[in-house]
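Keep the coordinates open as you read.

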Amino acid sequence: MSEASTVAPNEDLIVSVSEVTLRFGGVTSLSDVSLDQRRGEILSVIGPNGAGKTSLFNCLTGVYEPQEGSIQFCGDPHREPVEVIGRRPNRVSRLGIARTFQTSRLFNALTTFENVKIGVESRQHTGPIGAVLRLPRTRREERESDQRTLELLEFVGLRAQANTLSSALAFGDQRRLEIARALGTEPSLLLLDEPAAGANQSEKAELERVIRRVNSELGISVLLIEHDMRLVMSIAERVVVLNFGEVIATGTPATVQRDKRVIEAYLGTTEDEEAG
Amino acid sequence: MCFTTNFWNLFIGGLANGFIYALIALGYTLVYGVLRLINFAHSEVFMSGAFGGLFVLQNVIGSKQPSGLASVGLVVLGLAAGAVSGAAVAFLLERVAYRPLRRRNAPRLAFLISAIGASYFLYNLAGKEFGRQPISIPNAFTNGTVFTVFGAPVQTYYVIVAVVTLVLLVLIDRVVALTRLGRGIRAVAQDADTASLMGVNIDRVISQTFVIGGLLGGAAGFLYAIPTGVAYTMGFTPGIKAFTAAVLGGIGNIRGAMIGGLVLGVAENLPVSCIQTSWRDVVAFGILVLVLMFRPTGILGEKLGRAA
Amino acid sequence: MKARSDRLLVWSRGPDGRRLAGFTFGALILALITGPEGLEGNPTYGVIHSWLRPRVIAFIAAGVIAWFLSTFWVRNRDRWRPAVRETWQGAIEPFSDRRVRWGSYVGLIAAAALLPQVISGTWQEITVDQIGTYVLLALGLNVVVGFAGLLDLGYIAFYLIGAYSAAYWTGVLPVHPPIVLNPFWVLPLAVLAAMAAGVILGTPTLRLRGDYLAIVTLGFGEIIQIVANTLGSVTGGAQGVIGIKRFSINVFGIHYKFPVGAQANVPYYYLLLVFVIVALVVFHLLENSRVGRAWTAIREDEVAAEACGINPLKYKIMAFAIGASTSGFAGVLFASKIGFIDPTEFSVQMSILVLILVVFGGMGSLPGALIGAAFLQWGQNFLRTSNYSWYNEQDLYVYFGALVIVMMIFRPQGIIPSRRRSREIGLAEQGIGTADALAPPGSPP
């Protein structure tokens, strides 16, 4: 409910979703969803399948345009928040919201290096004329993006695979590559859509480490959709629970776990999701 | 006002063209429904229908001008020949230019290019084998005024086109709505993966869809060629217009294709009293561009399942 | 007896049997298209004389031999592939050395520069009008189809726009320009006009589903041709335009007037050679820049590209405009060389021809577009000038149509594929990715 999900009004919020409703034809995918995320926080969105988690991400990144509500994003604490709704995904990316996808959507025919470089280059300005004339700025940008790309690959531990085709990477490596590509766009908020889905234990541990470092070392706020409850409980500072497109609970992992409606929502579906 | 002169003449002529566009448009729409691809070679299916009808009538009609029941029989025969040739070409087309690519899960661009190749292959082959001069179809009936609408004469040809098209349109609408085959087409159109899990043989459904589209397109080719004659290049312009009609009505939507065809046929013909006839094509393409810009889902929307 | 026929049935439906059917079918088609022309009023003449004559045996035999060889290859494919790859790697190994590579570039350019000295006048003309021009056109379309994955079927409309711009600015159209220019100075103006047309057409349509772009550009190509043919008071109508002035250079003390007629071939050859080299360099730099990577990203996965901050529309328009301006450029060059425009020549068929050249060479591959275009154009002109009894010039598109289908079935990446493209196609065949920008947008992520 909207009251439960908001935090104190004077707090420094990176994103504030208020009363967002999204419909497809007659189907309501999100209904009156409100949630706030503090700057620097790792917030997790959980909920059974079809609860509207990915729809929420798609609203936050401009892929869907909700019919009602507002999403205020404030990437830079010294600036006024801006409205996300109504911007194309590439504009939202410019604002500083980056994402990964539920099933990874890497550029399969490109190398690991090139994948990240495409993300890094989104902050650059080289156009066709600069590229053809090899202007000094182009060369400088090339150097900078190469260096930044290598740093990011180092950060997620994929430097050794820089020249491997992204489609040839192991599953866990692909997930981390997607994170690196998203980080390349210099986000202040990173949305991760089930990064651990299908990963094995060691891959999960590696992912958790990367997510923590993204948050602590790079100071990026993380919004995480995840089914793996162990991961959510250990990493998230707060949890928002969606069910049938509505927020049914918000709070620390411990309080949410005890919430009656949450338990009902999960028991109403399958148990293994809860067990993770 | 130039617009009012000849209004009903142009309206009736446009309607007749529109019926034919509707028949061709159904081929585009049905194939689009199951494959999510524009069948660029459909215009050649249309062309082969015209040749099929032509050759059969050339061999059947003697020097005497047929009349009465003989005329009806000959028109039906020509239509049947056109439909069968169209279906045969469509079937082969799917086998040769589409199926091998589908087997390999080729990119969509490859399908479009393969279809363009097939289109050029087919119409130039027709030119090689059947000659590059237009050939007129022997008269199967005497064309005269049947009745008049607001003073504009409605000729026998227009009546034939209208009757044949309406019968075929109703037939196809019912086939898609009621038969097992129609259910298969709708299932594949909605979700091919699920349909195949439910035991629908996708290959067969696609093949049958091409054949149905070919029957209609081939019959349309014969109808179209009665006044204009048959030429190997005849497919291009009606093809692109029928595609416009399909988009106008909402591609993938069967009734949309019918309505789109009629609307386009009339809309492109009415301005003819104000401008040169050669601008008619420009009007049609202009409509295509405008529709795609402002209402790409067309008049009735895109769902094949919903309309049927 | 029954068992044997059953086995035959099973075999015929297996991979070998199906391939044999395919090769036989192909041989019959080849027999038909190399067969005699049909007779007017006798629709079966061509078929009968192609198939019911002894010559068909030779074709079927060739089909069976091809099937046999292909079976041999398929059986031993896995064993031979490494060896083939190794030989190939060995052959291209020296080129990884910068000096060898640059040396071979210089050698190729030198050979190209010497070419007009060793060929006949007829072939000089073919080399300029049919090969050089089309190589330039293919390189431009390669940016649109190959790099950005957009199917442009109205490419020649921009060529026509370029040619008519040249006619306009040199003052030979019924409508007169503010100042009359020499075509050489018209080049930038015409390129701008073509580019502007590309942007105007592209901006609304490139938002749409990719296959709609194909049909809109097809319609646009048709409209431009109808306008050129019909709007006599502006374009001169179907009679075309005559008297377009040839290039002349008159700067920095250099005075050079390009000659006309047969004398024009060699100077225009060198001009084209320069422009083709420039185009190759420019497009190579683009491909390996931020812009080229953005094109690849959009082609592969538009949703992911957008999430990475790439504006797909902007880059699609860019590719489209670059293609359009190359086409316009070629249009000016050609119009000023031959001195007239015949608007009936610039049909959709010509756009399709350029597309075929690109597809054959390899979409997205610069050497592919170059060599593919040069080879096919050389081949068709060789056949045309050689007067083989089995080849009729009017049947060219029967061959090209068949070639395109065969390419799409067996080698969609073209004869000299681009590395990225062949990877994409290979991956798409395994069900990963889409390999073009034609997927319906808004497909859920």
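Two residues are in contact if their C-beta atoms, placed from the backbone, lie within 7 Å. The model is predicted.

Q: Leaving aside neighbours within four places in sequence, which residues is C:A319 in contact with?
A: C:A319 is among the residues with the most contacts inside the largest nonpolar core. Neighbours within four places in sequence are left aside. The contacts of C:A319 are then C:V143, C:V144, C:F147, C:A148, C:L150 and C:W295.

Q: Which element gives the most to the side of chain C that touches chain A?
A: Here 28 residues of chain C are in contact with 31 residues of chain A. Elements giving two or more residues to the chain C side include α11 (265-287), α12 (290-300) and α14 (312-338) of chain C. The most from one element is six residues, given by α12(C).

Q: How many nonpolar residues has the side of chain C that touches chain B?
A: This contact takes 46 residues from chain C and 43 residues from chain B. On the chain C side, α9(C) gives the largest share, 11 residues. By class, that side has 10 polar and seven charged residues. Its nonpolar residues number 29.

Note on methods:
Residues numbered from 1 in each chain as written. Chains lettered and ligands numbered in written order. Predicted model: local features only at pLDDT ≥ 70, side-chain atom pairs only at ≥ 80, totals over all residues. Helix = DSSP H or I, 4+ residues; strand = E, 2+ residues; numbered from the N terminus. Core = buried A, V, L, I, M, F, W, Y, C linked by C-beta atoms within 7 Å. Buried ≥ 20, exposed ≤ 12 C-beta atoms within 10 Å, placed from the backbone. Nonpolar A, V, L, I, M, F, W, Y, C, P; charged D, E, K, R; others polar.
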